[in-house]
Structure formats: C-alpha cells, structure tokens
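Colleague: I have some questions about the terms used for this structure. Please set each value against its definition.

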Amino acid sequence: MDAEISLRVDGESHRLTVDTRTTLLDALRERLGNTSPKKGCDHGQCGACTVLLDGQRSLICLALAVAHDGAEITTADGLAPAGELHPVQQAFLEQDAFQCGYCTPGQVCSAVGVLDEVARGWPSHVTEDLTGDVELSDAEVSERMSGNLCRCAAYENITPAVQQAGAR
Amino acid sequence: MKPFAYAHPGDVAEAVRDVAAEPNAVFLAGGTNLVDHLKLGIATPDLVVDVRTLTSREVTDLPDGGLRLGAASTNSEVAADRRVRERYPVLAQALLAGATGQLRNMATTGGNPLQRTRCVYFGDVTTPCNKREPGSGCSAVGGYTRYLAVLGVPAALPDPTAPETCIATHPSDMAVALAALDAQVQVLGPAGTRTIPFGELHRLVGDDPSTDTTLEHGELITSIDLPPLPAGTRSSYRKVRDRASYAYALVSVAAVVSGDDVRIALGGVAHKPWRATRAEELLRGRPLTDHAVRAAMDAELAGAQPQPGVGGGNGFKIPLAARTVVATLRELTSEATR
C-alpha cells in the first residue's frame, strides 16, 4: 500500500510515494540516492543508520517513512555543506577515528547528537551526579556512543575524536 | 514484511476507534520494537495506527505534587527532565540504563512498558513459541534461559509442549522503576478512560502466554502518572548485565525508601516487573541492615524456580537478586546517614 510523503533531507525538499513498509533508511538510500546513512544490522542494534531526525540522533532503520511525513533529516553528508567539514568530521580525520569507514557516518551523526545532549546537561548512565554537570570523560563518551558499533574496533580513536570536537 | 494499511488519525479518540474496529490493528508510537517485529514477521498487523504525534509529549506537574508523563514523551526527555532527576532518580536511572541514546530518543513513555520479551525463541519465527504462536510449545525450556524467568513460573522444568508454558521475562528497565513508584497508567479505550495501577498493567503467564498486559484491544496509554513521594524519600535503580552498556538486565532492582516504608521491584526475573511484596512486608518499620534485607529477600525468593539450560541455566539469578537488593538498599541507607 502506497502513501505520498514529503521529506527535507540535508536542506533539500523531496516529495515521494512510498510503500507503507518502507523505512526512512531505505527511502533515503534507494529512492533519494543518499547513501550516507548505512544499512548494517537493519534491526536497531548497530547504529550505522544514525542520522539527525528532527534534530535528534535516531535510528532510521526502525522508522517507517510514512510515519515521518514532513520530517527534517540531516545525514553525515549534510553536515558538510559545500565540502566544509563539521568539527566532528574534522576531529574524526585528525584522530584517525575509523578504519574501513562503514560505521563512520553513523558514528559522526551520533557524536553530533551526543555533544548536543551534553550541552543541554542530559545525564547518562555513568554520570555520577544526576543533577550536576557532565564532563566528557572516556567513560561518558563510551557510554553515550555505545549504540554505534565499529567492527574494526576504532573505539580507541573515536573517543578522543568526540572529546576533541566537544572541546571546541 | 507483510503489507499493512497505515492510518494517522486526527486525534486519540479516532485512533482508538480505528484500532478497536479492526481486530488485527496495532498502535505505533516510537516504533523501536514494533518496526523490528514487522521486519521479523513477529508482528503481522493489517492496520498500523500511528499515535506518536497524538498524545502529549509533555511532562507536567499534577495538583497532588506528582508528575504526569505524556505518552509521547521520549525516554530521553523523561530521563533528562529536572523534576524526574531530582524527585524520582530511580526512574531517570532506569531509563538511562536502557538501550542507547538513539533508541531512547525514539522510544516513548507509552510504548516502553509495552515492549515484548527478548526471549531468543520469541524472536526466532522458526522455533515454537507459545507467546508468538499460541499452542506451538515453548522452545526455551532447557534451552537458552540466561535471560529468562525464575519467579512466577510453575516448575524448574515446565512441560515444553504444554500451551501454557512460557518462561519469558519482561525486558523494560523503565517498567521496573514505575512498578516501585506505584505509577498510575491513564488509558483511553472504546469504553472511555480508566486508570490502571502500574502493578496491574502487566500479567503473569497464567494460562495465556501470548498476552503481556491487561489492556483490552483498542485501549491506548495516554499518560503515566507518578504519585508524589514523602519528603526525604530516596530511590535508586541498579542493573546487573553481561556488558557495561546496551544489554538487557540479568537482574535489576528498583528501590524506594520513605521513612519506615520500603518498596522493591525486580527486573529480569519474571514475566512482569516483580514487586517484592513479601520482602517489603518483612522490612517495613525495621532497620535496613544487610542481615535483615538478606533474610527478607530469602523469603521473597523461596518460591523461585531455577531454569536449567545452556551454560548452566539461570539459577545464578536467585542469589544475584538477593545480593543486588542488599547492595541497593545499603547504598540508599548509607546516603541517608552520610
């Protein structure tokens, strides 16, 4: 069964007809040709499909496109308009925070979300004082980024990259 | 994925009418569990009714001093709410112990308690499962029981062919905290509104493993209310798991201590969040010494049934639950005297 929806992806508006079963991930990759979000597990376990969905890091393999008519989406590609890298992307480069790169767009979008959540004072499972300030310790970054798996295990460099971007 | 019709009604009343009118209809909110189940063939609805933008996304103060969590508020937003962090730390901690940042940004207050079990056989459509396919049997008996129940199950080795056999656990962390807080679930259904005490939202298996809750078809959670807590109340959530992050609980404990009153709920041990009412009775009005808590938990767990299985089964959960309650209450009482 089909439905017509509109999406705003990386600053561009699109109207498209989708099957009700289509996920946002498949709509972006297969219909709009935006292959920045990756399909890893397709079950919400790996984080490769992470984008900013209406401003919040989200897994679009678990989002039905029809349920997000009118959504505003920023992918890792859209974080670098006109080729100018986002501070998180620049930090990933400088810290060598990837090997094969497949999980990287999801890691980058997730890190952008993490830094925003920290700026808003959101605690995490490892935050000592629930109502106090949050510091970007190794433990905080690891906990907050635990939804993004890296099969190459580049975590040792991802954590400093997130901290570097957060320090700016 | 089986084809389905999608509806996005104008308001909650219409959504309830839509679902009530179609026996094979489901509500959709954050989708983190349902969309996965659509892909796996575990959920095969004819109609999906989207309520994500219909219920309130706000956390509001109640006249009695409690808080109302709108059904569409996300797990992230509730955990970050300053009133929740200050007055109901057990809930903020439980939410933050669950899933990942991305999933918490999507999962909702109304949806989280309605997520289904993570029993591996429920998730595998090639295996018999009384919860997924009533009457087909239970593949978990003697199988991979590490994450499965020890309380509320009839025997240490139930009949795997019996239609009532199910040793699944409820996976939610949030629900364990809500059980300890005596939250109230506000529901809208075809017959109107009603309030369900949180402890009565979920059911034990009984003779029907396929049904997780006491909600009727078409009933929608519109909000969950947190009752006010007496001044000086302390609360905490402790989760024991196989990994430091992003793993379901082997055992979890939500504890709320107000004066002489102590409330304890256990996760990861039963088909529903398990209120340790026997232990609570034994501890009411008594000093919460390690010895007293240990004895109370031994009484609570006297009827527990270790399930044999792969890797030694799940009998380890019984002493683990007792020790985790002791540790949680020790931390809460030492905070009070600090």
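Modeller: Helices (H or I, at least four residues) and strands (E, at least two) are DSSP runs, numbered from the N terminus. Val310(B) lies in the loop between α9 (290–300) and α10 (317–337) of chain B. This is a predicted model: local features need pLDDT of at least 70, side-chain atom pairs count only at pLDDT 80 or more, and totals for chains, interfaces and linings use all residues. Residues are numbered from 1 along each chain as its sequence is written, chains are lettered from A and ligands numbered from 1 in the order in which they are written, and side-chain values use heavy atoms, with hydrogens and water left out.

Colleague: What makes Asp42(A) and Lys39(B) a salt bridge?

Modeller: The rule asks for a side-chain nitrogen of Lys or Arg within 4 Å of a carboxyl oxygen of Asp or Glu. The closest N and O atoms of Asp42(A) and Lys39(B) are 2.8 Å apart, so the pair qualifies. Between chain B and chain A the count is 1 salt bridge.

Colleague: Why is the pair Glu72(A) and Arg8(A) called a salt bridge?

Modeller: Their N to O distance is 4.0 Å, therefore the pair meets the cut-off. Glu72(A) sits in strand β5 (residues 72–74) of chain A and Arg8(A) in strand β1 (residues 2–9) of chain A, 64 residues apart. Over all chains, the search finds 30 salt bridges.

Colleague: How many residues does each chain give to the contact?

Modeller: Contact means heavy atoms within 4.5 Å. By that rule chain B gives 39 residues and chain A gives 34 residues.

Colleague: What area do chain B and chain A bury between them?

Modeller: Buried area is the accessible area (1.4 Å probe) that two parts lose on being put together, summed over both. Here that comes to about 3,100 Å², with 59% of it on carbon and sulfur atoms.
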